[in-house]
Amino acid sequence: MENKIINVGIRLTRQCNMKCMYCNIQNTIRNDLTLEEWKKAIDIIKKLGSKEIVILGGEPTLYPNIIELVHYITIESGLVCNLTTNAYENFDIVKKLIENGLNSLGVSVDNLNLKKSISPLKSKNGLALIDYLINAFNKPSIINYIVLNKCNVDSIIDLIKYMNNKNVVTYILPFHWGNEGTFDHRKNNEKFAFVTDEDIKKYTIIIDKIIEMKNDGYKIKNSVEFLKESKKYIKNLDWKCSGLSELRIDSDGRLVCCCDKIGNVNEHFTVFDLEDRLEDFYFERAKDATSCNGCLWPSSFEAELKRKKIKSER
């Protein structure tokens, strides 16, 4: 397996001020690293060659030193930083984050019809935050992470067009069952997943339409390659990563196998071990990955495309 860390996702905190029905984050309590510890972690991440950091949660804006941390990542360290928020009563904090160098902000609006949304409050918050930022800044960089599911498969095209008209980029996250039961951070729910042959047919048709929209110039961040491949794997979920390209770090600094799987590495490695034990981590993480049946998350595939692009530009 080839390992090249292109980007890093940090779960800044497991604390959250919402209780989304599909989320397991708060089922596990872990301590948060201090600001100084995160600064040290960012220095290590930069030395590893990563160019981009995605700040996740829980709800990352609940972290008391979030503004100082983003400033350190972007202004002092020169890394690209994206933060994903539930947009709940934090508009002023988000504004300050953008003023302190945040490169892009992620929200989660999956349906313009809030009654059909997986998380109506999160969608309502996201729509309001988008308008707030558009009024506060000249063309703010916003990404809408749309969870494509059975309840919005017939309306997602209108949602993409709506976001495009507001200069908001769309990123498609297909909702899918897990081969390994309940994941660390999300729950299985047949109401939203593409399970039956009819579900898969609908998924395939809508993905083809989304590919057509991307080719026509709509602001869709997913690669065409990923969208095409996802049609093959949405049912059986046997798409496996070929190596580590997106490093994931939990709120206490411990490393995890990937975005869904904690793995044995979580017991033996923290981000601070990577300076001296990077190859050991790669080896143990590869062992963890052998027990994975596959998933449908695009992170490793997208990072691989970035790696190829970086190589071609050298």
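Modeller: Helices here are DSSP runs of H or I of at least four residues, strands are E runs of at least two, and both are numbered from the N terminus. The model is predicted. Glu-89 is found in the loop between β3 and α3.

Colleague: How many helices and strands does the protein have?

Modeller: The protein has 10 helices and eight strands. It has 314 residues, and 51% of them count as buried. Among contacts with a separation of 6 or more, 74% join residues 24 or more positions apart.

Colleague: Where does pLDDT stay under 50?

Modeller: Take the overall value before the local one. The mean pLDDT is 89, and 89% of the residues reach 70 or more. Over residues 179-183, pLDDT stays under 50. The model still has 16 contacts beyond four places in sequence for that stretch. Where pLDDT is low, predicted coordinates should not be read in detail.

Colleague: Are Ala-87 and Glu-89 buried or exposed?

Modeller: The cut-offs are under 20% relative accessible area for buried and over 50% for exposed. Ala-87 is at 2%, so it counts as buried. Glu-89 is at 70%, so it counts as exposed.

Colleague: Which peptide bond is cis?

Modeller: The bond between Gly-57 and Gly-58 is cis, with omega about 20°. Gly-58 lies in the loop between β2 and α2.

Colleague: Which residues of α2 are buried?

Modeller: Helix α2 covers residues 66-76, and Ile-66, Leu-69, Val-70, Tyr-72, Ile-73 and Thr-74 are buried in it. Then ask what they pack against. The partners are α1 (35-47), β2 (52-56), β3 (80-84) and α3 (91-99).

Colleague: How should I read the largest nonpolar core?

Modeller: In soluble globular proteins, nonpolar side chains tend to be buried together. Here the largest nonpolar core has 71 residues. Those with the most contacts inside it are Trp-38, Ile-53, Ile-55, Leu-148, Leu-247, Ile-249 and Phe-281. Helix α6 (residues 197-215) gives the largest share, seven residues. Beyond four places in sequence, Phe-281 is in contact with Leu-244, Leu-247, Leu-255, Val-256, Val-265, Phe-269 and Leu-274.

Colleague: How do α5 and α6 cross?

Modeller: Look at distance, angle and hand in turn. The axes of α5 (residues 156-165) and α6 come within 11 Å and cross at roughly 20°. Angles under 35 degrees count as roughly parallel. The two helices are therefore roughly parallel to each other. The crossing is right-handed. On the α5 side, Ile-156, Ile-157, Ile-160 and Lys-161 meet Ile-206, Lys-209, Ile-210 and Met-213 of α6.

Colleague: What is Pro-174 in contact with, leaving aside its neighbours within four places in sequence?

Modeller: Pro-174 lies in strand β6 (residues 169-174). It is buried, because its relative accessible area is 2%. Beyond four places in sequence, Pro-174 is in contact with Leu-148, Tyr-203, Phe-226, Ile-234 and Leu-296. Take Ile-234: it is 60 residues from Pro-174 along the chain, yet the C-alpha atoms are separated by 8.0 Å.

Colleague: Is Lys-51 buried or exposed?

Modeller: Lys-51 has a relative accessible area of 57%, so it is exposed. It lies in the loop between α1 and β2. Beyond four places in sequence, Lys-51 is in contact with Ile-6, Leu-79 and Val-80. Lys-51 and Leu-79 are 28 residues apart in sequence, and 5.5 Å apart from C-alpha to C-alpha.

Colleague: Where is Ser-108 found?

Modeller: Ser-108 is in the loop between β4 (104-107) and α4 (120-136). Its relative accessible area is 18%, so Ser-108 is buried. Beyond four places in sequence, Ser-108 is in contact with Thr-85, Lys-122, Ser-123, Asn-144 and Tyr-145.

Methods
Residues are numbered from 1 along each chain as its sequence is written. This is a predicted model: local features need pLDDT of at least 70, side-chain atom pairs count only at pLDDT 80 or more; totals for chains, interfaces and linings use all residues. Side-chain values use heavy atoms; hydrogens and water are left out. A nonpolar core is a set of buried Ala, Val, Leu, Ile, Met, Phe, Trp, Tyr and Cys residues joined through side-chain atoms within 4.5 Å. Buried means under 20% relative accessible area, exposed over 50%, partly exposed in between (1.4 Å probe, protein chains only). Contact means heavy atoms within 4.5 Å. pLDDT is the predictor's confidence in each residue, from 0 to 100. Axes are lines fitted to C-alpha atoms, for helices over the stretch in contact, and angles run from 0 to 180 degrees between N-to-C directions. Angles under 35 degrees count as roughly parallel, over 145 as roughly antiparallel, 65 to 115 as roughly perpendicular and the rest as oblique. A crossing is left-handed if the near helix is turned anticlockwise from the far one by less than a right angle, and right-handed if clockwise.
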